[in-house]
Amino acid sequence: MTPRSYHGRLRRLPAALAVGVIAAAVLPAPQPAAANAPWLDVSGDRYASFSLPAAYVQEHVGEVSQVVVEGNFGPSASWAEFGLTRRGDVWSGVLGPLRPGLYQYQLTGDDTRSFKDPTNGAGVASQPLWSTFFVPGASARRLADPPQGTGGEVTTLTYRTKQGEKTSLVWTPPEYRANGAGRYPVLYLRSGDGGAATDWLDLGRATQIFDNLSAERAMAPMVVVLSDGDGSDDDRDLKDLRKAVTDNYRVHRDRAHQAIAGVAEGGTQALRIGLSNPGQFGYVGSFSGLLTGEGSRTDARAVNRNLRLLRLYTGNVTDPGYNAAHRLTGVLDRAGVRFEFDGVNPDGGGNWTTWQENLVDFVPRLFRTVSDHGPSAGHGPLRGEFVPPPAGTTPTPFLAEDGFVTFETTAEFADAQHVTVWANVAPGGSWLRVPLSRHGDRWRATVGPLDPWFYYYRFIVDRVAVKDVSNPTKVTTEPMWSTFLVPGEQARLLTDVPAGQGGEVTSLTYRSTVANQDRTALVWTPPGYEPDRADPYPVLYLQHGGGQSYTDWLEMGRAKQILDHQFLDGDLVPMVVVMGNGNVPNFNQELLGNIMPAARARYHISTDPAQQAIAGLSMGGGHAFGVLKAYPGEFGYVAAFSAGFGSGTGVDAAAINAGTRMLRLYVGDRTDFVYPSFMASLTTLDNLGIRYEFDGVTPGPHGWDVWQKNLIDLAPRLFRR
């Protein structure tokens with residue numbers, strides 16, 4: 001039972017691999033040339049770009065209809081699926097911006113065919129299909145690699161138990177020498193059930209945390225023993241491990257210099273030992289531990305006399321340990337046991353991202369005097385147990401306070417194999433698929449915290465899109481979608497105004513000579529609209545995107561709510577907004593020959609170009625540009641959301657500048673697939689000498705989160721020059 005240096009899988013990656021490219025093949029089979037190019041690139045501004053050769057997927061996985069990147073990308077660092085798009089010979093997608101920290105992922109085709117990224121050598125020993133990458137940043141500085149040669153050393157210790165030989169990992173501080181003088185205190189860190197000791201390094205970044213805390217002199221010099229939590233007799237196994245550690249390392253044997261902590265079931269074991277046998281350890285920590293009522297049988301005097309620190313940690317309501325923590329704190333209070341509670345981590349679930357933070361907080365409290373015994377900054381109190389409504393409660397989803405949302409299917413999918421909820425819950429409003437778990441004959445998942453805003457989703461059941469029939473909302477052009485709104489000040493402009501205070505939306509039927517049919521537009525008129533007032537109203541023609549129609553700006557864009565609020569706030573020039581159907585081969589003819597004449601005949605709106613505006617998203621933005629090029633000066637205000645200007649050939653720049661009071665452009669961030677063409681458009685406009693306004697990217701993808709914000713910014717700017 002002797003320690004040895006632990007090399008190979010636990011070797012630190014060079015700092016250059018913290019972002020961007022990781023390139024070392026790990027699959028035993030020969031790789032095609034395409035696999036040698038890195039599949040993952042992480043930009044300096046924290047966007048993760050995935051690009052998988054379709055030929056590799058075909059050869060190694062087979063023919064698939066979808067490929068997803070599964071990883072801890074979801075709210076509270078939960079496991080989620082990010083769908084890739086097949087473009088030519090590549091499956092690709094961009095996700096971000098990601099918070100600084102460690103990410104793990106695997107690739108999966110058609111729900112069941114998972115495989116590792118063969119171009120990423122950073123893996124997880126206990127999960128052979130997983131790869132990892134680190135996104136640096138100030139909030140993750142203690143997870144970063146320290147300067148080369150300045151950290152401690154990780155060795156592996158083999159020891160005997162009744163079940164046979166086992167191994168643990170041991171971190172020793174930089175100044176530790178096997179033959180030196182003096183002894184060190186020791187911390188035992190336990191993994192959860194089914195976890196491995198290596199998880200503390202591969203997923204917990206424990207060595208980086210210890211190295212950085214040690215370099216900052218923010219922790220007492222100590223030896224740390226990392227072990228799994230998967231023994232048939234954990235208490236006996238721990239006794240054998242402790243003997244091996246004291247036999248092979250220079251550590252203290254007394255209670256005051258020994259600590260134990262663990263994650264999930266490992267935290268439960270630490271709590272049980274600390275409360276039932278407090279003479280063993282002087283310091284106990286539980287990260288999402290699941291112990292509940294056992295504390296009622298605790299000898300409070302013995303615990304208080306022997307434990308110098310008992311500190312409890314939990315994530316938010318998505319953490320399986322949340323309710324257990326609530327029950328245990330009550331039991332300990334009633335029993336008179338002294339303990340500290342780190343508070344509820346509002347943005348973390350029961351996962352390694354949360355436990356990394358727990359470790360950073362816990363270790364500096366060991367084997368020395370500290371003055372701060374309260375919760376971590378930003379952490380809150382426990383507010384009672386979290387219990388979603390009973391199965392079958394409608395309507396769905398269920399919204400709890402602080403932005404937690406519980407999705408539930410009906411019972412008709414009891415025999416399904418893989419169910420997710422697809423929703424705009426990723427950074428900036430990108431779309432993720434969050435796995436649901438089987439609860440009886442239904443499937444459920446609690447997601448959050450979600451920021452106050454407008455969300456849309458659908459269920460995906462065994463790769464088939466399904467409407468949440470328990471949600472009465474609808475999206476006409478996307479029959480499988482449902483919507484909900486998380487209330488809060490940030491989403492105020494997207495909420496309904498009090499009844500009777502908003503504008504009116506009416507339908508306008510017009511004859512389309514382009515489509516050779518009767519068509520409909522929706523028209524918003526402001527509160528107090530006067531059809532007979534002396535001055536006609538300015539008018540905005542607001543267009544939808546490809547695959548959409550005239551209903552989308554109301555059902556998805558929340559245009560009525562935005563306009564109502566801005567009018568009542570005094571931010572909006574009273575105007576009429578016409579939302580027509582742009583699905584025609586000749587939009588210019590449709591707009592000028594059909595939509596505008598019908599709107600002028602029905603509503604009291606201006607024909608003065610200085611009182612006319614046109615704006616649109618995606619395809620509709622292209623339509624706005626098309627009208628601007630063909631009829632410069634017809635609209636005094638022009639705006640495009642997530643659309644490119646296209647060719648400058650034949651464009652009369654002088655006429656555009658002379659006749660356009662404002663040309664304002666918008667685009668999402670690099671997750672918006674038109675971002676490259678949009679940025680090229682700016683160069684085209686600059687070269688043509690066309691004046692325009694661009695206030696930078698709107699965080700988010702090619703989606704409604706971005707376009708709602710674009711309308712919020714644009715509408716108050718109209719008709720003021």
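What volume does the second largest cavity have? In this predicted model, the second largest cavity has a volume of about 30 Å³, and the residues that line this cavity are Gln66, Glu81, Asp111, His418, Thr420, Arg433, Ile460 and Arg463. When these lining residues are sorted by class, four of them are charged, three are polar and one is nonpolar.

The largest cavity, by comparison, holds about 50 Å³ of space, and the count of cavities of 30 Å³ or more comes to two. The lining of the largest cavity is made up of Leu271, Ser286, Ser288, Gly289, Leu291, Leu312, Tyr313, Gly321, Ala324, Ala325 and Leu328. Two elements, β18 (309-314) and α7 (322-335), each contribute at least two residues to this lining, and the largest share, which amounts to three residues, is that of α7. By class, the lining of the largest cavity has seven nonpolar and four polar residues, and no charged residues, whereas four charged residues are found in the lining of the second largest cavity.

Helix α10, which spans residues 559-568, is mostly covered, with seven of its ten residues buried. The buried residues of this helix are Ala559, Gln561, Ile562, Leu563, Asp564, His565 and Gln566. Four elements provide the surroundings against which these buried residues pack, namely the strands β30 (517-525) and β32 (576-579) together with the helices α9 (552-555) and α15 (704-714). Just after the end of α10, Gly570 adopts a positive phi of about 80°.

Salt bridges were also counted, and their number in the model comes to 26. In one of them, the side chains of Arg142 and Glu216 meet at a distance of 2.8 Å from N to O. This pair links distant parts of the chain, since Arg142 lies in the loop between β11 (127-135) and β12 (153-161), while Glu216 lies in the loop between α3 (206-215) and β15 (223-227), and the two residues are 74 residues apart. Arg142 has a relative accessible area of 22% and is therefore classed as partly exposed, given that the term buried is kept for values under 20%.

A second salt bridge is formed by the side chains of Glu489 and Arg492, with an N to O distance of 3.6 Å. Here Glu489 is exposed, because its relative accessible area is 63% and the limit for this class is set at over 50%. Arg492, on the other hand, has a relative accessible area of 29% and is partly exposed.

A further salt bridge joins the side chains of Arg717 and Asp713, where the distance from N to O is 3.0 Å. Both partners fall into the partly exposed class, with a relative accessible area of 32% for Arg717 and a relative accessibility of 24% for Asp713. Elsewhere, salt bridges that share partners connect Arg311, Glu340, Asp342, Asp361 and Arg365, so that these five residues belong to one network.

How values were computed:
Residues numbered from 1 in each chain as written. Predicted model: local features only at pLDDT ≥ 70, side-chain atom pairs only at ≥ 80, totals over all residues. Heavy atoms only, no water. Buried < 20%, exposed > 50% of the residue type's maximum accessible area, 1.4 Å probe, protein only. Contact = heavy atoms within 4.5 Å. 1 Å grid on protein atoms, 1.4 Å probe; cavity = no way out; pocket = protein on both sides within 12 Å on 5 of 7 lines; lining within 4 Å. Points joined across faces, edges and corners; volume = space filled by probe spheres on them. Nonpolar A, V, L, I, M, F, W, Y, C, P; charged D, E, K, R; others polar. Salt bridge = Lys/Arg side-chain N within 4 Å of Asp/Glu carboxyl O.
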